[in-house]
Amino acid sequence: MSAVESNFEYTRKDLPGNWSKLGIGLTVVGLLLVVVAFFVDNTRAAFNNLIALMFLSSIGVGALFIVALEYLAGAVWSTPYRRIMEFLAATVLILPLVALPVYFNLHDLFHWTHEEAVQGDYILEAKVGYLNIPFFTIRVAAFFAVWIVFFFLLIRNSRKQDDSKDQSLTTKNIRLSAIFMPFFAITLTFASIDWMMSLEPHWFSTIFGVYYFSGTVLAALAAGTYVIIVLNEKGYFQFKLLKDHFYSLGALLFAFINFWAYIAFSQFMLIWYANLPEETFWYLNKWEGSWLFVSVGLIFVHFVIPYFGLLSQPSKMNPKNLKFMSLWILFAHLYDLYWLIMPTYSADGIAFGWMELAFPIAGLGLLILVFSLRAKNQNLLPIGDPKLKRGLNFRL
Amino acid sequence: MADKVLYGYTGIFDTPDDIIHAAEKVADEGYEKYDVNTPYPVHGMDDAMKLPPSKLGYAALVFGLSGTVSALAIMYFMSVIDYAIIIGGKPFFAFPAFVPIMFEVTVLAASIATVVTMIAIFFKFPNISHPLHNTDYMKKVSSDKYGICLQADDKKFTEEEAKSFLEKLGAKDITAIYYPEENFEKQTVLEPKFISILVLTAIIVSGATYFSLNKLMFMVPFNWMMYQDKQVPQESNPLFADGFGMRPPVEGTISRGNVPYQFKGQPELAGKLLKNPLVPDSTTLALGKDKYDIYCSPCHGYFGEGDSRLNGQFPNPPSLHSEKNRNWSDGSIYHVITDGQNIMPSYATQMTRQERWATVLYVRALQRSFNAKESDLQ
């Protein structure tokens with residue numbers, strides 16, 4: 001048995017230097033392309049920017065959720081690599097910046113921002129109390145504020161614990177997490193409604209927030225799993241993850257793959273069954289022309305392939321498979337967001353060009369950059385956490 | 001003691017860590033047939049015992065998939081082939097509506113089949129006896145101790161070695177376990193006593209359920225759906241003096257869409273004034289043939305020759321191909337169907353007006369086919 005001794009000593013080791021270089025490189029290339037994109041086709045760039053914003057929100061807010069969930073559930077297995085999730089959660093800090101270009105192009109994105117379109121449209125007039133630019137601005141600012149405030153509160157205590165080894169900080173964070181949870185549920189739900197559901201202001205789905213939530217947790221978990229496995233391979237944790245750790249990560253990914261499919265199908269089936277024209281058009285738009293292939297592809301990319309890729313017990317314990325599947329799931333989430341957002345931009349058929357690649361590149365660059373900046377001079381393990389030793393020796 | 005058969009040697013440990021180390025050492029020593037008994041699942045025991053991954057997952061996969069396929073097949077057969085009815089304007093093969101059922105059946109089949117497989121194959125049902133049952137060792141390891149048992153049928157097993165090995169591991173209460181003397185193999189779950197208790201339980205439970213649901217809890221308004229305060233067709237009703245539940249329409253009213261027939265008892269007038277509103281085409285003729293075959297053909301025969309299928313229980317009507325009938329107007333035929341003639345009753349309640357007119361067209365077609373003109377043959 002590879003039990004970690006109680007005198008486990010952690011010596012700080014910085015992340016590989018080429019990570020931040022990769023991050024800077026991708027960001028610079030991506031941002032250049034993004035700037036060009038905004039000059040070439042403002043509307044299309046705004047839609048792509050929205051996809052990137054939602055993708056980064058998923059990882060940042062989702063990672064914050066997973067950190068809070070660990071405290072609330074008293075989870076032990078994820079403690080050794082909670083830091084990775086904390087670094088990923090730092091993505092919430094750059095979200096307002098990513099949102100700025102979207103915010104300045106609201107008219108290109110949202111039909112309801114056009115007063116002349118709202119006038120005479122019975123449904124939109126009824127929604128004017130909620131869908132108006134001042135209230136939208138307040139809401140969006142509030143979401144960012146809530147995420148960033150809770151990020152700082154949670155992470156500060158966790159970091160303090162490295163030096164002080166004070167167990168009461170864990171208790172404090174448990175309380176904070178309990179407060180964060182309802183805020184998280186409300187902000188994420190309304191963020192998904194404001195940014196994505198209101199692209200089609202006539203359409204409504206009460207399950208939409210949960211749908212985005214399932215993708216959010218999946219993306220954050222997949223990003224975290226990938227980083228954890230890579231760092232573990234290179235020995236940055238100074239202990240070897242057991243297959244029990246891999247199994248737990250894989251099982252959680254598998255569970256959320258199923259959860260996503262469950263929610264996505266529930267949303268589809270209810271609308272299909274009721275067959276009300278004010279609801280079905282949203283799916284019909286995605287079922288016509290070349291969007292049909294994207295819609296059918298979504299079932300395979302987001303459910304069938306990861307489902308069978310993670311179904312068996314050995315496949316969840318195999319780090320190589322897990323690494324591949326987590327990258328795949330990250331891609332699947334991006335694909336999902338593309339499927340949610342882009343049909344509003346181009347109803348006639350798939351819109352895919354260099355712009356659709358430029359924004360993910362810039363987003364990925366920013367993600368890596370924030371991660372490596374955050375991880376600089378930081379312990380990769382929460383060495384003061386009272387649960388750490390049990391977490392290192394975690395057995396199923 | 002000499003005729004007793006040895007099952008194995010058991011040893012007791014005090015902590016879960018001890019038992020894990022002991023299991024590791026036993027596995028390292030090369031023992032294959034041994035087992036560990038603990039009051040609860042000890043994490044990491046599979047690893048320590050070097051157990052291969054359980055094969056139960058394959059049973060779950062196979063049975064789960066067969067559940068998916070059979071659910072799909074059953075629903076496809078029922079709602080596409082055997083009893084196709086339109087529900088909610090959806091196609092017969094409404095796949096999204098099938099998915100939840102397929103999912104449920106998959107989960108049900110996988111879970112039940114896994115438990116049954118486990119009991120049947122791994123627990124060797126119906127054998128319920130085990131030499132470790134009813135021993136002091138089992139009493140301890142099922143409350144607060146951790147035990148290990150080296151079995152005598154292992155290749156490496158010798159009595160002295162097993163004993164000394166367990167001592168070396170630090171086990172307490174090292175005991176030899178023997179097979180029970182009498183009829184060990186016959187101790188199965190299918191004993192008459194056990195089966196009769198099972199049957200008795202089933203009778204009591206179902207009787208109690210019947211009594212509580214149908215007698216005790218049968219009270220207004222929580223009675224069954226089949227008993228409702230409403231008039232069912234053909235049922236009597238004490239509210240009315242004549243006791244009939246089914247009432248004729250209120251005098252001076254007609255039901256919606258009903259146009260009364262204004263030529264009742266006036267065949268000449270009907271023949272003169274009524275005109276067929278339908279045009280003979282494939283749809284109206286097909287409708288006419290359908291209704292003719294149902295309502296007219298029992299007496300008039302399939303081709304209107306008056307060859308009844310009723311074997312003389314009813315007088316045969318004359319042929320529809322007579323000179324007289326061929327010269328009748330459409331209105332006259334319609335009048336006979338609507339109002340009846342001689343012994344033939346009215347068919348106004350069985351056939352709608354459109355159906356009656358379509359039947360007239362079909363009768364015309366039959367007459368034409370029996371007395372075709374020269375021009376029809378060209």
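Predicted model: local features only at pLDDT ≥ 70, side-chain atom pairs only at ≥ 80, totals over all residues.

Helix α12 of chain B, residues 353–370, contains 18 residues. The distance from its first C-alpha to its last is 26 Å, close to the 26 Å expected at 1.5 Å a residue.

**Helix packing in chain A: α2 with α8**

- Two packed helices are described by the angle between their axes and the distance between the axes.
- For α2 (residues 42–73) and α8 (residues 133–164) of chain A, the axes come within 11 Å and cross at roughly 45°.
- The two helices α2(A) and α8(A) are therefore oblique to each other, and α2(A) passes α8(A) in a left-handed crossing.
- On the α2(A) side, the contact involves Val61(A), Leu64(A), Ala68(A) and Tyr71(A); these meet Trp147(A), Phe151(A), Leu154(A) and Ser158(A) of α8(A).
- By class, the residues of this contact comprise 7 nonpolar, 1 polar and no charged.
- An α-helix has 3.6 residues a turn, so residues three or four places apart point the same way.

**Helix packing in chain A: α8 with α9**

- Helix α8(A) also packs with α9 (residues 168–195) of chain A, at an angle of about 155° and with the axes 10 Å apart.
- This angle makes α8(A) roughly antiparallel to α9(A), because angles over 145 degrees are classed in that way.
- The crossing of α8(A) and α9(A) is left-handed.
- The contact of α8(A) with α9(A) has 18 nonpolar, 8 polar and 4 charged residues.

- Gln238(A) is not a glycine, yet has a positive phi of about 65°.
- The loop between α10 (208–233) and α11 (243–274) of chain A holds Gln238(A), which is partly exposed with a relative accessible area of 28%.
- Asn377(A), likewise not a glycine, has a positive phi of about 55°.
- The position of Asn377(A) is in the loop between α16 (354–375) and α17 (388–392) of chain A.
- With 48% relative accessibility, Asn377(A) counts as partly exposed.

Definitions and conventions:
Residues numbered from 1 in each chain as written. Chains lettered and ligands numbered in written order. Heavy atoms only, no water. Helix = DSSP H or I, 4+ residues; strand = E, 2+ residues; numbered from the N terminus. Expected span 1.5 Å × (residues − 1). Axes fitted to C-alpha atoms, helices over the stretch in contact; angles between N-to-C directions. Parallel < 35°, antiparallel > 145°, perpendicular 65-115°, else oblique. Left-handed = near helix turned anticlockwise from the far one by under 90°. Contact = heavy atoms within 4.5 Å. Nonpolar A, V, L, I, M, F, W, Y, C, P; charged D, E, K, R; others polar. Buried < 20%, exposed > 50% of the residue type's maximum accessible area, 1.4 Å probe, protein only.
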